[in-house]
Amino acid sequence: MANVNSRALPPARRHSQATIRHMQPVAIFVYGTLKRGQCRERCWPHVADSVRVGWVRSTLFTRHDYPALRPGDDLVLGELWSFAAEQLPAVLDVLDAVEQTNQPGLENLYDRVIVDVFAVDGSSLGQAHAYHYAIEPTRDGFKRVVAGVDGFSRWP
């Protein structure tokens, strides 16, 4: 966003810029054990308003027990879980514990990041929280997932 002198803007415009700057995503992009039908699906503390298929630009890794996501340019398929804004803090608290993120006395296993999410047709679904593996996954025995014939990497 361009650096704008907010005092030069009308009051309504000042408010909208401040609101935009402080908005947090109300969705979480998941690509592994938190997806529907996977072993941690029951960890969600609230029922999502919606769950949509989507993809992010990243690199997906796998090993026998769970996947890992890191920054990259592959198209990684997953699910976008959307929640009411007032539910999001509880959802993030639970998922941070599940993903060992920001837990007192522990090193992060995953880091929570903000990602751009897209529908399968390429249209934007907005931004969401996601979890990236905290270190290079190959150091922990992960292998990179190769994209399928449809161009998407996915787990399992």
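This short talk covers the aromatic ring pairs in the structure above.

The model is predicted, so local features need pLDDT of at least 70 and side-chain atom pairs count only at pLDDT 80 or more, while totals for chains, interfaces and linings use all residues. Residues are numbered from 1 along each chain as its sequence is written, and side-chain values use heavy atoms, with hydrogens and water left out.

Now the rings. The structure holds 7 aromatic pairs. To pair, rings of Phe, Tyr and Trp (its six-membered ring) need centres within 6.5 Å.

Take W55 and F118. Their ring centres are 4.7 Å apart and their planes sit at 25°, so this pair is stacked (planes under 30 degrees apart; over 60 is edge-to-face, the rest tilted). W55 is in strand β2, residues 50–62, and F118 is in strand β4, residues 110–118, so the pair ties together parts 63 residues apart in sequence. Strands here are DSSP runs of E, at least two residues, numbered from the N terminus.

How accessible are they? W55 has 8% relative accessibility, so it counts as buried. F118 has 22%, so it counts as partly exposed. The cut-offs: buried is under 20% relative accessible area, exposed over 50%, partly exposed in between, with a 1.4 Å probe and protein chains only.

W55 also pairs with F152. Centres are 6.4 Å apart, planes at 55°, so that pair is tilted. F152 lies in strand β7, residues 152–153, so this contact with W55 ties together parts 97 residues apart in sequence. F152, at 10% relative accessibility, counts as buried.

Last, the cluster. Ring pairs link Y66, Y110, Y133 and F142.

Technical notes
Helices (H or I, at least four residues) and strands (E, at least two) are DSSP runs, numbered from the N terminus.
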